[in-house]
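Hello,

Here is the structure I promised to hand over. Please have a look, then read my notes below.

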Amino acid sequence: MTYLNKIKIFIFVFMFMLFSFSINAQWNIPADAKNKKPPVDPTHTLVKTGKDLYKSNCASCHGTPGEGNNIAAIGATDLGSGDYQHSHSSGQTFFQVEQGNGGMPSFRDKFSSDEKWCLIFYIKSFDKDFKITGEELKEQKADLRLSLIEKIRTVKAYATTKDKSGKEIALEGADVQFFIKRMFGNMQIGEIVTTDNKGIASIKIPENIPGDEEGNLNLLVKFKDTDTYGKAIKSKTIKWGTKLEIVNITDKREMWGSLHRVPLWVLFSYLGMTIGVWLVIGYVVFQIIRLKKL
Ligand code: HEC
């Protein structure tokens, strides 16, 4: 190969790289994608979800929106900047996140459509015209029912809630806490249990929990997240505690016992000493009398 040919190939490769780079840099955004609108209105919760997704998936390249700590060298823009917000509609941003381009990965399959819209809401929340226009979902109120399985000392809590039509359904994924009521505050037993797909959270009551004289324990069950599920607290008396033995301290022979209940060694040493002293006194008196007679 001649020297000239080498240069030709070099130039060709160089031109090819430049060309492909310029293709890469070009976003091809269809007009209808730009006008695409989110299926719901933004709420605080949705923006928060978007923020969490953004932090773990986008911040590494794009930085914190509005702070300019993006990696500009690879072409990742600050998505919070006024410039960006100005020139990109929500629909366009959605399209770009789905599609990816050059150094920008495609997130089409990584996130559900809802998750992607949450991301867009978060990015768009840096727009000066952005407003929270959606209503938060209504609080999901729920209820609890308890049942006991004596044989295995297990308490089952059934968590239910109502669906849109008012029908009672099992509540999955709610954290339930179990307590034993005590004179001062409540004692939590075991870990927090999350309800399964039948709405059930169950816990085994450990042995050796001191109860009252009959061994009764006062069980309390509630949702951990009372803001979401409401303040349903269910209580039940269970007989799985150990019986409390009431010991009367004056029943036993003790130092502080009354006359009849002092310990025997105290009694005998007391008697011994007293008798001894009287014997000595008697002996002295006896000797004095004998002295007189002499
Ligand atoms: C590996 C680094 C990297 C990650 C991670 C990344 N991006 Fe990008 N992003 C880029 C690069 C590089 C570009 C520029 C691509 C181009 O213009 O060809 C870009 C472009 C964009 C654009 C278009 C910007 C414009 O000016 O048109 C948007 C919107 C975007 N990214 C959103 C996101 C979101 C949302 C995430 C997280 C889900 C994300 N990116 C994650 C590197 C990244």
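Two strands count as paired if DSSP finds at least two bridges between them. Helices (H or I, at least four residues) and strands (E, at least two) are DSSP runs, numbered from the N terminus.

Some ground rules. This is a predicted model, in which local features need pLDDT of at least 70, side-chain atom pairs count only at pLDDT 80 or more, and totals for chains, interfaces and linings use all residues. Residues are numbered from 1 along each chain as its sequence is written, and side-chain values use heavy atoms, with hydrogens and water left out.

Strand β4

β4 and β5 form a hairpin with 4 residues between them. Gly 185 sits in the turn, with a positive phi of about 70°. The two strands run antiparallel and are joined by 3 bridges. Lys 181 stands opposite Asn 186 in β5. β4 also pairs with β8, antiparallel, over 5 bridges. There, Gln 177 stands opposite Lys 222. A further antiparallel pairing, over 2 bridges, links β4 to β6 (residues 193-194). Val 176 faces Val 193 in that strand. β4 is mostly covered, with 5 of its 7 residues buried. Buried means under 20% relative accessible area, exposed over 50%, partly exposed in between (1.4 Å probe, protein chains only).

The cores

A nonpolar core is a set of buried Ala, Val, Leu, Ile, Met, Phe, Trp, Tyr and Cys residues joined through side-chain atoms within 4.5 Å. The largest has 25 residues. Val 176, Phe 178, Ile 205, Leu 219, Val 221 and Phe 223 touch the most other members. Elements giving two or more residues to this core are β1 (142-149), β2 (154-162), β4 (175-181), β7 (200-204) and β8 (217-223). β8 gives the most, with 4 residues. Apart from this core lies another, of 16 residues, among them Tyr 54, Cys 58, Leu 79 and Phe 94.

Helix α3

α3 covers residues 44-57. Val 47, Gly 50, Leu 53, Tyr 54 and Asn 57 are buried. The face turned away carries the exposed residues His 44, Lys 55 and Ser 56.

Best wishes

Key
The expected span of a helix is 1.5 Å times one less than its number of residues.
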